[in-house]
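Dear colleague,

Please find below the structure that I am handing over to you. A summary of the findings follows it.

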Amino acid sequence: MEFPKKIMKRTELLKLGVPKQVLENASSNTKIAWRMSPDKPKSPYIFDTDKLKEFMEKDQKNCELIIKRRCVC
């Protein structure tokens with residue numbers, strides 16, 4: 001997936017079709033996502049799209065491995 005900007009808000013990524021669960025998982029990693037104003041608790045998250053892309057690729061591979069392991073009985 002290609003992103004139009006290097007840094008994007010969560011709402012912009014949701015409009016592009018990035019799953020909400022992926023963004024929630026990535027937001028716990030401070031290298032991928034951080035608050036626009038860290039001192040304000042309701043500040044929106046912004047994401048580094050290059051690192052988010054890497055995270056999504058790794059997450060996809062992990063999901064595929066889990067599915068394969070569950071099917072092998």
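Is Asp 48 buried or exposed, judged by its relative accessible area? Asp 48 is buried, because its relative accessible area is 9%; buried means under 20% relative accessible area, exposed over 50%, and partly exposed in between, with a 1.4 Å probe and protein chains only.

The model is a predicted one, in which local features need pLDDT of at least 70 and side-chain atom pairs count only at pLDDT 80 or more, while totals for chains, interfaces and linings use all residues. Residues are numbered from 1 along each chain as its sequence is written, and side-chain values use heavy atoms, with hydrogens and water left out.

Confidence

The predictor's confidence in each residue is given as pLDDT, from 0 to 100. The chain has a mean pLDDT of 85, with 88% of its residues at 70 or more. Helices (H or I, at least four residues) and strands (E, at least two) are DSSP runs, numbered from the N terminus.

Salt bridges

Side chains of opposite charge can pair when their charged atoms come close.

Asp 48 takes part in one of them, with Lys 6, at 3.3 Å from N to O. Since Lys 6 lies in the segment before β1 and Asp 48 in strand β3 (residues 45–48), the pair ties together parts that are 42 residues apart in sequence. Lys 6 is partly exposed, with a relative accessible area of 47%. A network of salt bridges links Lys 6, Asp 48 and Asp 50.

Glu 2 and Lys 53 form another salt bridge, with their closest N and O atoms 2.9 Å apart. This pair links distant parts of the chain, 51 residues apart: Glu 2 is in the segment before β1 and Lys 53 in helix α3. Glu 2 counts as exposed because its relative accessibility is 67%, whereas Lys 53, at 26%, counts as partly exposed.

A further salt bridge joins the side chains of Glu 24 and Arg 10 (3.7 Å, N to O). Glu 24 belongs to helix α2 and Arg 10 to helix α1 (residues 10–16), so the pair ties together parts 14 residues apart in sequence. Both are partly exposed: Glu 24 has a relative accessible area of 34%, and Arg 10 is at 22%.

Core and buried residues

The largest nonpolar core has 11 residues, including Phe 3, Met 8, Leu 13, Leu 23, Ile 32, Phe 47 and Leu 52. Such a core is a set of buried Ala, Val, Leu, Ile, Met, Phe, Trp, Tyr and Cys residues joined through side-chain atoms within 4.5 Å. Helix α2 (residues 20–27) supplies the largest share of this core, three residues.

Val 22, Leu 23, Ala 26 and Ser 27 are buried in α2. These residues are on the same side of α2 because they cover an arc of only 130° around the axis, the arc being that of the directions from the helix axis to the C-beta atoms.

Beyond its neighbours within four places in sequence, Phe 47 is in contact (heavy atoms within 4.5 Å) with residues including Lys 6, Met 8, Leu 13, Leu 23, Ile 32 and Leu 52. Thr 49, in helix α3 (residues 49–71), counts as buried because its relative accessibility is 2%. Not counting residues up to four places away in sequence, Thr 49 touches Phe 3, Lys 5, Lys 6, Ile 7, Met 8 and Leu 13.

Yours sincerely

Note on methods. A salt bridge is a side-chain nitrogen of Lys or Arg within 4 Å of a carboxyl oxygen of Asp or Glu.
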